[in-house]
Amino acid sequence: MASWIAELKEIVGSEDVITDPEQLLVYECDGLSIHKHLPSAVVFPESAEEVANVVKVLWRHRVPFLARGAGTGLSGGAVAVEGGVILELARMNRILEIDYENQLAVVEPGVINLMLTRAVADAGYFYAPDPSSQMACTLGGNVAENAGGPHCLKYGMTVHHILGLDVVLPDGEIVTLGGHGTDAIGYDLLGLFIGSEGTFGIATKITVRLTRRPQAVKTLLADFLSVEDASRAVSAIIAAGILPSALEMMDRATIEAVEASVYAAGLPTDAAAVLLIEVDGLAASVEYDAGRIFEICRANGARQILVARDEGERARLWAGRKGAFGALGRISPDLMVQDAVIPRSKLPEVLPEIYRIAARYGLRMANVFHAGDGNLHPNICFDGRNPDEVQRVKEACREIMELCVRVGGSLTGEHGVGLDKIAYMPLVFTEDDLEAMARVRAVFDPEGLCNPGKVLPVRRCRAF
Amino acid sequence: MTTLQKANEVERALISIVGEANILCPAPEAYAIDDRRPSFVVLPETSEEVAAVLRLAHAQDLAVVPMGSGRRLSFGNLPERVDILLSTRRMNRILEYEPADLTASLEAGCPLETFNRVALPYRQWLPFDPPDADRATVGGIAAADDFGPLRHGYGRPRDAIIGLEVAQADGTRIRAGGRVVKNVTGYDLNKLFVGSFGTLGIITRVNFKLRPLPEAEATLLFLDAAWETLASGAREILQSELLPAALLLANEAAMSPLGHGQKALLVRFLETAPAVAYQVERAKALAHSLSLELIELENEASRATWEKLSRLHRLIPTDLRLRLSVLPAHTVEALHTSERALSEWLDLPYLLAQPGTGIVHIGGKLGIESEADLPQVGHSITDLRTTWATRRGQVIVEHAPPKLKRHVDVWGDVGSSLPLMQALKRAFDPKRILSPGRFVAGL
Ligand SMILES: Cc1cc2nc3c(=O)[nH]c(=O)nc-3n(C[C@H](O)[C@H](O)[C@H](O)COP(=O)(O)OP(=O)(O)OC[C@H]3O[C@@H](n4cnc5c(N)ncnc54)[C@H](O)[C@@H]3O)c2cc1C
Ligand SMILES: Cc1cc2nc3c(=O)[nH]c(=O)nc-3n(C[C@H](O)[C@H](O)[C@H](O)COP(=O)(O)OP(=O)(O)OC[C@H]3O[C@@H](n4cnc5c(N)ncnc54)[C@H](O)[C@@H]3O)c2cc1C
């Protein structure tokens, strides 16, 4: 047994360090199963001090490590590629403080996204970023990935809702980033850390902004006989100056999968695509905007527009949308949940092309995505046991990425680069751009121990 | 080589980059940074030229300070040295504007107003109202992450910046972010440069996500003699369903250029027409229940009021201006403590506070007998800072005469993250040629 393992056991207790290969298997991959690697150990710290002490030991022994929340990441971020140690933070799941007057809460990183909203709901508040995985993913993971979600169109991403962080740096020092509710001075290290995909350190305390629940909400479901019509409706809504709180698209393959699953929401299975549109805010403007959206959808060929009559119907529609990945996952052995962004006006042009790419590779594809943000999720159903199919999936993904970049888009809108998209980074960034990123990484992690092998491609022995 | 020979050589090199007509040497008085006059003012026209100037500066070890409109160059500690002042005035183009995507890419020197005028027919805008909004450039706004009362409803410029192009200290050009509204590809270097006050690189291009221009607007002025009454009005609004775009407490001095002699709570609504009408009615009822005097301003009159407030420090004499950031619940207390702490030194101080974000602005004319009193003023500011530090509050000196800056740090204590900031400065500007000495802890 490596000497550092004994040291870790001394810090967290021997039952909270696992090294048995069979037990480690659970931590072999995250939500994206095509990248697998066993960690050398998993530890379960329960406090910031324990995290710091564990990290100090690993730093001293030059053992790579990474934090893990719920493991729902879809870019391979929580995989210990270099056989490092995983710090599993699920036990650090306490809500430390709720302060309605200042509209903030202080939480540990293992708090599950939806639990926070549940904790403040009775007081009329919610935590705005709502990834579709919100029933499982942790706020630490959200911070690391700068997670988004359906309501980010209006409310912004995780970075817009984090007020402060305590972070254990790769050498075990604890630093405070941001002002925990007030403005901090100096460089915006808080903004820089959010979305750094666990490569700058481990967040151990998070101050989040709470948002007041809007006076009114209206949820519409518009169905279309072609994906192009639905895409045009999306562009027209945005161009009309309406800012819905959510504007989501599901295509027929997705609708069919959802309707065949426990998430069945009564979606029209003969539609080519549906738009799930939500407006919220003051009752007066919600009525007004919903009316305009109704008109725009009609003008762009919507067949039927349904308005959720009550909270139950609304919840059912959202369960269908948020359960879509799960539903798709069930109809094939494996699912490649892709994530790319394009300028929203390019939707009508790009979507049909994406279907053509999938068809050319003989792959079954389903699209369910944050249309209002231009954040695509082309999901490919495949069988990981079939190497030829896996190869085709990879090639199709690359073509989709190239297409998105060509029209002015980018590689990922919310899931991150992780392991999965490193190879594509040069599509959007020059060597100089990547070198600048590597310099920032080296400031936080000079020894390259914190979640190595992620985000930046390695060139000539040098992390870019 | 003598100093003069070197100066001549530098001048020749600069001329070969930007042309003789775009160099001012010696620099006119107006370009002094605090009390230091740069040797050269250069006005490049393209980002390539900016990069070339930096390559030269890097090779020759010359200090470069970038400027936008230059109205706010006094923000920062005394510069250690200034050789070249790089003005973005000629880099003022709108490079791309896609109304259908609500995104735009602008050259750093493009004035905010210029862009907002172009976007008006498309009913879109950049919802920023920093002080001197009528003059500020988008590069300066980005570099200072500069905001005004609209921060309450729209956030800081930081939140709307989706991409940057930056010339680094050695002249290498890089791009951060992109042109899409949602993007987590790689590290978000936008955050590194936004708010870095020209100490890590020179921003040459800024990409923004835009907002639809609201259909209607109205401003309500609640007038009263006591902060507490106005603050309880603000609290009720904050806890109601109302969604003001701005919420501002203003003292008598701040209100006088608007033609009012009382303290006020200003509430700005920017929304669809029916929602503005609804909110005005609700807010009126609220004022009534609190027995507050109320004035209602619609569209043009509303806009004019906020524009005037953005120029407040020009309308009343100020030579010392501070910004406090406290927890929102402490806003009124911050007004009281700063009034007490500074009234001895500040004549006619104006106070503006955002009860929703906890931002307090104070400005006034230094009323001191002699320069011997300056250390005392410095102490008062430091004391105020110490008082708030224990409660997460920050005090920044946004403007002060150079002679006062010798007695007080403009920024205050950074805390445990200072070593990271110092390492970032070393990583991006190892020779310390970009605005040396001006930022936190003398970075
Ligand atoms: C069905 C499904 C739907 C999804 N929908 C969305 C969506 O709508 N929007 C979206 O953005 N994402 C979505 N995701 C992706 C994923 O849920 C998010 O990226 C989420 O933020 C990951 O959180 P986690 O706790 O599971 O993190 P993990 O997967 O455990 O870790 C992700 C990364 O974060 C790092 N990390 C974790 N905790 C910390 C910490 N405390 N400090 C530093 N680094 C840390 C890890 O090292 C790793 O690199 C979805 C995933 C699934 C499976
Ligand atoms: C209430 C309030 C009061 C304020 N009062 C003051 C005040 O009293 N004094 C004061 O100094 N500021 C003050 N500011 C900040 C000031 O308003 C902004 O700095 C200004 O709007 C920036 O626009 P500008 O084009 O004039 O930039 P400039 O004033 O020319 O530059 C601002 C800063 O950005 C840097 N910079 C400019 N362009 C670039 C670029 N392209 N790349 C990198 N760095 C660049 C400059 O070096 C400088 O540090 C105040 C802000 C607020 C919110």
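Reply: Strand E5 of chain B and its neighbour E6 (residues 103-107) pair in the antiparallel sense over four bridges. Strands (E, at least two residues) and helices (H or I, at least four) are DSSP runs numbered from the N terminus, and two strands pair if DSSP finds at least two bridges between them. Across that pairing, B:Glu98 stands opposite B:Thr103 of E6(B).

Before going on, a word on the ground rules. This is a predicted model, where local features need pLDDT of at least 70 and side-chain atom pairs count only at pLDDT 80 or more, while totals for chains, interfaces and linings use all residues. Residues are numbered from 1 along each chain as its sequence is written, chains are lettered from A and ligands numbered from 1 in the order in which they are written, and side-chain values use heavy atoms, with hydrogens and water left out.

Back to the pair: E5(B) and E6(B) belong to an open, antiparallel sheet of five strands, ordered E5-E6-E10-E8-E9. Strand E5 (94-98) and strand E9 (173-177) of chain B are at its edges with a single partner each, so one side of each has no neighbour in the sheet. From one strand to the next, the twist averages 10°, with axes being lines fitted to C-alpha atoms (for helices, over the stretch in contact) and angles running from 0 to 180 degrees between N-to-C directions.

Now hop over to chain A. There, E5 (residues 95-99) and E6 (residues 104-107) pair in the antiparallel sense over four bridges, and A:Ile98 has A:Ala105 as its bridge partner. These two strands of chain A make a hairpin with four residues between them, and A:Gln103 in the turn has a positive phi of about 50°.

Chain A also has an open sheet of four strands with mixed pairing, in the order E1-E2-E4-E3. Its edge strands are E1 (17-18) and E3 (65-68), each pairing on one side only. E1(A) meets E2(A) (residues 41-43) in the antiparallel sense over two bridges, with A:Ile18 opposite A:Val42. Helix H3 (residues 48-60) of chain A packs on this sheet and touches E2, E3 and E4 (85-88) of chain A, its direction making about 175° with that of E4(A); contact here means heavy atoms within 4.5 Å.

E3(A) turns up again at ligand 1, where E3, helix H5 (139-145) and strand E10 (202-209) of chain A each supply at least two residues of the shell. In total, 35 residues surround this ligand, A:Ala67 and A:Gly69 being among the closest; a residue counts if one of its heavy atoms lies within 4 Å. H5(A) gives the most, with five residues. For a polar contact (a pair of N or O atoms within 3.5 Å), look at A:Ser133: an N or O atom in its side chain is 2.5 Å from an oxygen atom of ligand 1. The protein covers 95% of the 970 Å² of accessible area that ligand 1 has on its own, by the Shrake-Rupley method with a 1.4 Å probe.

Ligand 2 is surrounded by 31 residues, with B:Pro66 one of the closest. A polar backbone atom of B:Pro66 is 2.5 Å from an oxygen atom of ligand 2, and a polar side-chain atom of B:Thr137 lies 2.7 Å from an oxygen atom of that ligand. Of the 960 Å² of accessible area that ligand 2 has on its own, the protein covers 98%.

How values were computed:
Polar contact = N/O pair within 3.5 Å; in protein donor to acceptor, adjacent residues only side chain to side chain.
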